[in-house]
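Work through the exercises below with the structure open beside you, and try each task before you read its solution.

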Amino acid sequence: MSSLIKAPSRFKVPSYLIGPILILVIAMIYGSLGSEYFLQPSSIIFNTGRYIEIGLLALALTFVIINGDIDLSVASTLAASAGVLAKMWAAGVPIFWCCIAAIFTGFILGLINGLIVIKLGLPSLVVTLATLALYRGITQVMLGDGVVANYPENFVGFDQRLVIGGNPGLPAPLALFIAASLIFYFILHRSNYGIKNIMSGSNPSSSKFSGIDVNSVRLTAFALSGTVCGLCAVMITSRLGSTISNVGLGLELLAITVVVLGGTDIFGGRGAISGTVVSLFAIMAVREALVIQDINGQVQDAVIGLLLILTVLVPRIRSYYIEKRNRKKRFNEAQRNA
Amino acid sequence: MAVNVNSKVSYIFKKREFGIFLFILILLAVFGAIEPRFFRSDNLSAILSSVGILMVVGAGQTLVIVTRNIDLSVGSTLGLAAMVMGMVARSKPDFPIIGLIIIAMVVGGICGVLNGLLVSYGKIPSIIATLGTLAIIRGAVFVVSNNVQIDPNDVPKGIIALSTTSPIGIPWLLIFAFLAIVLVWYVSSQTLLGKRVYAVGSNPEAAVSRGLSFNKITIMVFIFVGVLAGLGGVLYTARYATINPADVGRGLEFDVISAVVIGGTNIFGGSGTALGTALGCILIGILSNGLTVVGVSPFWKACATGFLILAAVAIDNLVRKKQEENFLLAIRNQRVVK
Amino acid sequence: MNKKHKALVPVLGMSLILTGVSASFMATSATAATKYKVTYIPKNLGNPYFDAIVNGFNKAAKGLNMTVKVVAPAQAGATDQIPFIEAAIQQKVDAIAISPNDANALCPTLKRAMKAGIVVLTVNGDTTAACRHASITPVDFSVLGKYLVDQTASVIDGKGEWAFLSATSTAPDQNAWLAGAKTYIDGGGQPGLKLVATVYGDDAPEKSATEAQALLAKYPNLKAINAPTTVGIAAAAQVLSTSPLKGKVQVTGLGTPDQMRQYVKDGTVKAFSLWDPGLEGEIAANLIVSIKAKNVKPKAGLTIAYKGVGPGTWKLGKDAVIIAGPPQEFNAKNIDNFHF
């Protein structure tokens, strides 16, 4: 930690990363002091899967939120995609094509969100609040009170596979997440589309006048978000080995929390993939440090809620005091000069 | 817009709820045609009493959204208020009913102060601050109650009676709902404070530069919604009698926000009316009861709800655009005549 | 750099406070050294039904040199229990007892627990048989469907229309009972009754009440609502207790006496049922010790006997299922003898 603070000035840690990094470090220390069972390699391997699903949703949501929109329907889109996967598998379609269909379903549902938002000119918050119910409803219509299980052996348990090296190695979901983060990083921060995305989020009307097709940028972000939901549907089905209609219920708030904690401006125009990535690991460390010490669910939620507020509040307090001190200094100097 | 006393503007303003009103009429006609028993008096009064709780909280939320903010913590606030009140009633069965109501409203108000301070002086975007307090206050419900629920025979008869009787025949629950709506209508259209609230919402920079205290108004609206959520906690207890730490008010924020935006309040602030919110609440109440009454399968219900909310918002949007067009046309014609 | 350093102070301070707060939570979970470490994971916290099971666990644990830790998610979502199972595996507990929120989704995690040498029992609800060593169910699930139909018949004298108000459409126990009831009805059971609808209140009071009210409006000849869920039955009873139909439409099903006492006394509810949930906890605690200390292998046909616990002996059914005890009916006469 100290090396981080005294880092040479040419490598400066961006301000939005300080909070998540501190949370991550403190949670690690707290977890290791509190329980000898924290930080076992096995725990990292077994536990990453379910966080990575949230992380992928958060990565896609970063694009939507930077754009000035929001997608509350991610968990329901995921459920509908998982429903399609389950229905097709139950009908005897090979699992590979079921997965492709699930991802495609996510893409279509995301596209529908975007089209409604753009064509009808409605706020995305309102539209996706409605499709949150609608897509979950479609899942319930598809699956009813039934369960689809008995997926093939080679499909189930993706989250427990290791890539690169034997035991201990890199868990497959983590590898996927690293790859996805890199891809998203290049799209957002190094590609033409990413620049358009950030610009149209920070000032839609001036972007429009400088020749950016804001609507198509927004539509792309929604479709991307949907597609990632489809991918997560495949992952969650593989992890759980079964599908029911309430799969992924409530994931949207977890994913939005990750994005916001990572410093992305909820009103758009500002944000970074690195923030979302670090924030995911910070939240993972906090949750794991708490659960290993037998702390119940709602206390965990409350701690995350508190951290969310603190990460925004503390820098504000800090800048307030710096500002005050500077003003005082200026005032003193002015007096001295006089 | 609402504060402008120009007769033409207020003409549109009056007509703004027309779209949603039309939609409710159509829905009533369809439900009634399929199942005339939908119109039985006890069914209608049951719809109204579930709508009543929504209206009380929704009335407050309207003002919050008008100021470009949002309060996601209303469900948890309602829960904490109900729980504290229930615990007082359990330990002191003779406690006066009016005292219990005041306790609940004070607890709600304190939650509101917390939210208000975070958003105003803390400068945290309200969606983030209240996403955090949503979890923190829910955690408080569990800590305060020690995970033990309040059973119906610990709830005073006088509280239960609020949902069934009053001196003038209509249940107190509905009187409170009506008063909350009228209060918001009165404050927003008849008082200086209301004008300030709308001014801050439609153009914060301009409002501040004209000398309005942004922070004071923000804190005020959050206290207002908190107190009303506290009252909602009383009404919840009156209606459902059991106060379970996990269940009380869970997910209420989704229904309330849906009702407010269906009612035509602009999610980006500046405009919105109490009457619109009341209609939005009624629409949601009619939907959740009516779909079961006309025999829609439980698996299709969520689907139908999502679709109809989307349809309501779209129709409302269409009607409003048309009205604005006509208004602009009228102005232009006038100018031509001149 | 100095500036930055100072800026970090408040952040660190806040974090330290937070650590202190969390540490105080931790202190309560510190345990004395006992021979058996058991983690029990109910569906969610704050549910009086599962508190009764916990009491049963604690009662039995005293004499068994056992520590029982209770941890639960905030909500009863299908996968919300997984982090707690994972934590128990990492903590190398001796046994995990769980009231599963989903029959299949927990399987991969529970299987990993079994592979790690942990005894896995399901309590009050079951997963697929391969994912646990034994299951303790309150009553015979295949018989409970019939029981609910007969119970409905008894409160409305065997004639009339009735409806189910269930919890969620994905709850494994509810679905098993509903299916049992339908099989019984299709086989000619209680011919005077007509099941007109099955609705879901999602175990939320608001939704349960709305659904109950909609049933009353839609079916003018409705005589009874059977809600085999503690949230649903209380919500339906509350709706009826303030409705002109009070007494004309009966509410019955499964609920806890404390929650329903009010409605039995004011005449809204004639009778409802439940079993002793604590018994499940007691059996589970004893069975864990049997498996660990005496190397008992739970399988169909095995008989287990625990002195001073309920009826005393149980015979394991198909898939190592233990049926704790018969349902108990509560009515105006006996309800004051029960407190849970």
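This is a predicted model: local features need pLDDT of at least 70, side-chain atom pairs count only at pLDDT 80 or more; totals for chains, interfaces and linings use all residues.

**Exercise 1.** Find what share of the contacts in chain C with a separation of 6 or more comes from residues 24 or more positions apart.

Solution. Begin with the term itself: two residues are in contact if their C-beta atoms, placed from the backbone, lie within 7 Å. Residues are numbered from 1 along each chain as its sequence is written, and chains are lettered from A and ligands numbered from 1 in the order in which they are written.

**Exercise 2.** Describe the order of the strands in the six-stranded open sheet of chain C, and explain why β2 and β13 each have one side without a neighbour.

Solution. Strands are DSSP runs of E with at least two residues, helices are runs of H or I with at least four, and both are numbered from the N terminus. Two strands pair if DSSP finds at least two bridges between them. In chain C the order is β2-β1-β3-β4-β5-β13, with parallel pairing. Because β2 (66–70) and β13 (321–323) of chain C stand at the edges with a single partner strand each, one side of each is left without a neighbour in the sheet.

Next, look at one pair: β1 (residues 36–41) of chain C is joined to β2(C) by five bridges in the parallel sense, and Val38(C) stands opposite Val68(C) in β2(C). Helix α2 (residues 48–61) of chain C packs on the sheet, where it touches β1, β2 and β4 (119–123) of chain C. The direction of α2 makes about 165° with that of β2(C), where axes are lines fitted to C-alpha atoms, for helices over the stretch in contact, and angles run from 0 to 180 degrees between N-to-C directions.

**Exercise 3.** Determine which element of chain C gives the largest share of the side that touches chain A, and which gives the largest share of the side that touches chain B.

Solution. Take chain A to start with: the contact involves 42 residues from chain C and 46 residues from chain A, and α1(C) supplies the largest share of chain C's side, 14 residues. Turning to chain B, 32 residues of chain C are in contact with 31 residues of chain B, and here the largest share, nine residues, comes from α7(C).
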